[in-house]
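Reader: I have a model open on my screen and would like to learn how to read it. Could you walk me through some of its features?

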Amino acid sequence: MKVPFGQEWKNPNSVFDFPKLKLEKDEKARIVIIDEQPECEYVHTLRKVITDERGKPLMEEKKRKDDSTYEVPQTEFKGQYICLGEMETLLNKNIDPDNCPACKAATENSGAVARPEPRFVLNVLKYNLKKGTTTVNTPFQVTLHAWVFTLNRFNTLKDIANEHGSLQNVDLLLGPVEGPLMYQKFPVALGSKCEAWSSESRKETAFAVIQNDREEDLTPLLGRRVTFGELQTVVYEIVSAYNEAFGIPGNLPATPSKPAKEEPSIDVSALLNSSGAVEESSEDEDVSSEEGDDGSEPEAEDLNKLLASLGQ
Ligand SMILES: [Zn+2]
């Protein structure tokens, strides 16, 4: 094919280069959400049990909040996959074993394969701040990021939206991260106003960034979208490894059309579940909400209309 110079080359994988909202150690961030609503997908986080040279599962000790300990199998991360269940079934039952091989495996062998969990993503503007503060820097600067979050975080944001109206009109103050950096567990507080919409020149700067950098479909950041057969292959590998490690006979994952009858003789799902799952996707944040009380209402801005006009 001939390609005209001057045409923007759209790489279909460019979404994977899109910066994700991630806080560094001790960092505080100030953001404003620019999408009216997040995208949501149910996602299976798949992990494969690690065994020693004799094929026995390697266990690791975990601590509960009361300092008592328990053991869980060590696992390696095998990827996050978008659940193939029907959204309506997932919303009602949180699992769809008839349509998704990973859901099927999760109902038969919940120790080996985790049930799907909703994950969310949306575009946010992140402010350039004065070091160590949540005060915007001069000159005014923002960058677009994809914020991926869990149901806990969604509920926090929903509560803020219920109290204060559209999240597109308020700044959120994030951080610093509590505990290990990789889990990105941080508090969300409400800013007193939206800095991006506080003056014409700032709006101009912000909209230029949105127009240039906004990604319409961020869902590839939630998990890999694969075919039934591909997901089944990954699930098969994980369940086989698990059953072999724990000496569970004959409970290989069946296709949804042929349900397996055998129950696993060992089920460590209770242990896994009690660990809080320690995934990036398991946030259990304490949310403090510093309400802005300088009397200024966030400027009502019909952001959706403006955003819609950008696409034309
Ligand atoms: Zn599923």
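**Reading the model, feature by feature**

Author: Happy to. Leaving aside neighbours within four places in sequence, Ala241 is in contact with Lys48 and Val49. Keep in mind that this is a predicted model.

Reader: Where does Ala241 sit, and how far is its C-alpha from that of Val49?

Author: Ala241 belongs to helix α5.

Reader: Is Ala241 buried or exposed?

Author: For burial, we count the C-beta atoms around a residue, and 20 or more within 10 Å make it buried. Ala241 has 20 such neighbours, so it counts as buried.

Reader: How long is helix α5, and which of its residues are buried?

Author: A helix can be checked by comparing its reach with the expected one. Helix α5 covers residues 228-245, 18 residues in all, and spans 26 Å from first C-alpha to last, close to the 26 Å expected at 1.5 Å a residue. Its buried residues are Leu231, Gln232, Val234, Val235, Ile238, Val239, Ala241, Tyr242, Asn243 and Ala245. Among the elements covering them are β2 (39-49), β5 (75-82) and α2 (101-108). After α5 comes Gly247, with a positive phi near 65°.

Reader: What should I look for in a nonpolar core?

Author: In soluble globular proteins, nonpolar side chains tend to be buried together. Here the largest nonpolar core has 59 residues, of which Ile31, Cys83, Ala102, Val113, Val124 and Ile238 touch the most other members. Helix α5 gives the most to this core, with eight residues.

Reader: Which residues does Val113 touch?

Author: Beyond residues up to four places away in sequence, Val113 touches His44, Leu46, Ala102, Ala105, Ala106, Val235, Ile238 and Val239.

Reader: Could you show me a buried residue in a strand?

Author: Leu174 counts as buried because it has 22 C-beta neighbours inside 10 Å. Leaving out neighbours within four places in sequence, its contacts are Leu23, Lys28, Ala29, Ile31, Phe186 and Val188. Take Ala29: it is 145 residues from Leu174 in sequence, yet their C-alpha atoms are 5.0 Å apart.

Reader: Why does strand β3 lie largely in the open?

Author: Again, count the buried residues. Strand β3 (residues 59-63) has five residues and the number buried is zero, so it lies largely in the open. It pairs with strand β4 (residues 69-73) in the antiparallel sense, over five bridges. Glu60 stands opposite Val72 in β4. Five residues lie between the strands of this hairpin, where Asp67 takes a positive phi near 75°.

Reader: How do I sum up the whole protein?

Author: Begin with the totals. The protein has seven helices and nine strands, and 31% of its 312 residues are buried. Among contacts with a separation of 6 or more, 72% join residues 24 or more positions apart.

Reader: What is the mean pLDDT, and where is the pLDDT below 50?

Author: The mean pLDDT is 83, and 79% of the residues reach 70 or more. Over residues 256-301 the pLDDT is below 50, and this stretch has 84 contacts in the model beyond near neighbours in sequence. Where pLDDT is low, the predicted coordinates should not be read in detail.

How values were computed: Residues numbered from 1 in each chain as written. Predicted model: local features only at pLDDT ≥ 70, side-chain atom pairs only at ≥ 80, totals over all residues. Helix = DSSP H or I, 4+ residues; strand = E, 2+ residues; numbered from the N terminus. Expected span 1.5 Å × (residues − 1). Buried ≥ 20, exposed ≤ 12 C-beta atoms within 10 Å, placed from the backbone. Contact = placed C-beta atoms within 7 Å. Core = buried A, V, L, I, M, F, W, Y, C linked by C-beta atoms within 7 Å. pLDDT = per-residue confidence, 0-100. Pairing = 2+ DSSP bridges.
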